[in-house]
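Work through the exercises below with the predicted model open. Try each task before reading its solution.

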Amino acid sequence: MKRVIIQSLSSIILYILMAFTIASFASTVTHSLAALKSGVFVLEFNFLPFLLLIIFFVVWTIYSFRTRPNQQMGFGQWSVRMTEFSEVDEREALITAKATKAAYVSFSISVPLFMLTFFFYPLFQTAWPTYPVFALVSTLIIANLVYMTTWIRAYTR
Amino acid sequence: MPLVNRVKELRARHHLTQGDLAAKVGVTRQTIISLEKGSYTPSLMLAMQIARVFEEPVEFIFTIEEETE
């Protein structure tokens, strides 16, 4: 259970850092293009989210690889698998299937809801141009939280 | 129709801890705990492995509640 919690929360942190990195990059491109139109070349990039993302990713990779359930598994094989899945025995496999189903259902609710918010996007596009990035990340975070809570509830039953 | 089992009783009779039984049948201790609480219905394979450990027929260990009434 500890593994599922740690891995789910790590994924959420990674998604948030990714969103801020992409938003920062998008903002840089927008400002640079605007400046270029007036004949000035400006390239200012907020490096902090990217740096945090890299540091967290490296720490998370080392920790996750060292604590992988199947110690015989090589890095190549391990790196293409979802680390949130814990299927040590048949009960855990069943719980994981149940939690994955719940996360899938959450997508079918959260994605249309966030799509509806795009009706109003033109109204706040100037104030929050990177909203689509955060909306997309929010659906992933919701799915992760649903997966984690369903897993914990089923495991402790 | 819930499945009732005698795992706890047989485990005590065989002087096995939950961890011992879990290791013998290749599952986690948490699975044995859930099994004994009756909140988890094992697969046929796991039920047969448990039956093998206790040297009892599967139907002696696992019964559908309706049958026992």
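**Exercise 1.** Determine how the axes of helix 1 and helix 2 of chain A are arranged.

Solution. Start with the axes. Helix 1 (residues 2-37) of chain A and helix 2 (residues 48-66) of chain A have axes that come within 9 Å. They cross at roughly 155 degrees. Angles over 145 degrees count as roughly antiparallel, so helix 1 of chain A is roughly antiparallel to helix 2 of chain A. Then take the hand: the crossing of these two helices is left-handed.

**Exercise 2.** Describe the contact between helix 1 and helix 2 of chain A by residue and by class.

Solution. List each side. Helix 1 of chain A contributes residues including Ile6(A), Ile13(A), Leu17(A) and Phe20(A). Helix 2 of chain A contributes, among them, Phe50(A), Leu53(A), Phe57(A) and Trp60(A). Now sort by class. The contact has 14 nonpolar and five polar residues, and no charged ones.

**Exercise 3.** Find the contacts of Phe54(B) beyond four places in sequence.

Solution. Set aside the neighbours within four places. What remains is Val7(B), Leu10(B), Arg11(B), His14(B), Leu16(B), Leu21(B) and Ile61(B).

Terms used:
Residues are numbered from 1 along each chain as its sequence is written. Chains are lettered from A and ligands numbered from 1 in the order in which they are written. This is a predicted model: local features need pLDDT of at least 70, side-chain atom pairs count only at pLDDT 80 or more; totals for chains, interfaces and linings use all residues. Side-chain values use heavy atoms; hydrogens and water are left out. Axes are lines fitted to C-alpha atoms, for helices over the stretch in contact, and angles run from 0 to 180 degrees between N-to-C directions. Helices (H or I, at least four residues) and strands (E, at least two) are DSSP runs, numbered from the N terminus. Angles under 35 degrees count as roughly parallel, over 145 as roughly antiparallel, 65 to 115 as roughly perpendicular and the rest as oblique. A crossing is left-handed if the near helix is turned anticlockwise from the far one by less than a right angle, and right-handed if clockwise. Contact means heavy atoms within 4.5 Å. Ala, Val, Leu, Ile, Met, Phe, Trp, Tyr, Cys and Pro count as nonpolar, Asp, Glu, Lys and Arg as charged, and the others, Gly among them, as polar.
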